Amino acid sequence: MKKVMLLLTVSIVLLLTGCKNDKVENNSYENTNTEQNITNSSFEDKNNNFTEFKIGIPDYEKYKELSYSGKLTAEEENVAYIVGKNENGMWKEILRENVNDIIGIYENKLYFTNDDGIYYIDLAQSPFIKNEWIKYREFDVEHEAMPEDGGSFVSKEKEHIFDPYMVDGEIYFNFSSSEYGLQKISINSKSLDDSVKVVDDCFGNYVIDTNNKILYYLKRNVPYDNLYRYDLQTNTEELMFEKVEGFRFKDNKILYYGKC
């Protein structure tokens with residue numbers, strides 16, 4: 001009888017010990033998964049179609065009313081972020097990166113620029129990482145010295161693009177110098193040398209309606225600029241308004257101001 005009771009007691013102890021160990025192991029497994037889910041929360045919708053992208057900070061809703069500079073100073077580190085809004089209206093951090101311009105999406109890749117070149121993020125991969133496409137090159141620029149100094153001097157400058165737009169796998173942009181006008185380059189290119197000019201007198205003051213593939217820009221004129229409409233598909237241009245000092249394009253409407 002004592003032997004049976006001893007065996008029963010041992011069995012109960014082993015059973016309880018086994019249950020306890022199983023529970024600990026299961027809890028450990030659950031905690032690991034929970035931590036993993038938290039870590040990858042920004043990427044769990046890797047196949048989701050983002051509806052909008054902005055340069056901001058992770059807690060975008062908190063600072064959404066601030067200006068771009070305000071968003072940066074709201075953080076201890078002076079670092080910009082690429083954030084995207086998914087189909088559910090939620091903002092997600094995509095990449096912590098100093099960004100100059102978000103260009104747009106083509107074939108599920110988000111293109112953007114920083115001080116070093118043009119990069120892209122493959123939105124179908126997880127986690128999101130920066131991929132180099134075109135790296136900016138440095139070159140020597142000769143400048144005339146002050147008259148009292150005489151001669152000239154050379155400085156190092158880096159090529160860069162600004163005000164870029166993505167239209168059907170082609171990026172429209174300005175170079176840092178106005179002499180180049182509006183340029184475009186295919187995403188299949190390997191260098192900015194492959195870019196071609198679209199419009200001569202188009203520098204800075206322009207907007208591209210990417211849905212309808214229409215360029216609106218101010219053509220320099222003296223004493224006032226004129227607003228033109230340029231069809232990127234047919235390469236045809238028409239004058240819209242004269243004596244324009246500035247304009248805005250939103251929701252297929254143009255707001256401009258100038259002289260009567």
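Visitor: Which residue does E93 meet in a salt bridge?
Guide: R96; in this predicted model, the side chains of E93 and R96 come together with 3.0 Å from N to O.

Visitor: And R96, buried or exposed?
Guide: R96 counts as exposed because its relative accessible area is 52%, and the cut-off is over 50%.

Visitor: How many salt bridges turn up in the whole structure?
Guide: A search finds eleven. One of them pairs E159 with R137, again at 3.0 Å from N to O. That pair links distant parts of the chain, 22 residues apart: E159 lies in the loop between β9 and β10, and R137 in the loop between β7 and β8.

Visitor: Is E159 buried or exposed?
Guide: Buried, at 10% relative accessibility. R137 is partly exposed, at 37%.

Visitor: What about K219, who's its partner?
Guide: E237, with the closest N and O atoms 3.3 Å apart. This pair also links distant parts of the chain, with K219 in strand β15 and E237 in strand β17, 18 residues apart. K219 is partly exposed at 22% relative accessible area, and E237 is partly exposed at 35%.

Visitor: Which residues are joined into one network by shared partners?
Guide: E52, K54 and K85, through their salt bridges.

Visitor: Switching topic: how does β17 run against β18?
Guide: They're antiparallel, with six bridges joining β17 (residues 236-250) to β18 (residues 253-258). For instance, G246 has Y257 in β18 as its bridge partner.

Visitor: What sits between those two strands?
Guide: Two residues, which makes the pair a hairpin. In that turn, D251 has a positive phi of about 55°.

Terms used: Residues are numbered from 1 along each chain as its sequence is written. This is a predicted model: local features need pLDDT of at least 70, side-chain atom pairs count only at pLDDT 80 or more; totals for chains, interfaces and linings use all residues. Side-chain values use heavy atoms; hydrogens and water are left out. Two strands pair if DSSP finds at least two bridges between them. Helices (H or I, at least four residues) and strands (E, at least two) are DSSP runs, numbered from the N terminus. A salt bridge is a side-chain nitrogen of Lys or Arg within 4 Å of a carboxyl oxygen of Asp or Glu. Buried means under 20% relative accessible area, exposed over 50%, partly exposed in between (1.4 Å probe, protein chains only).
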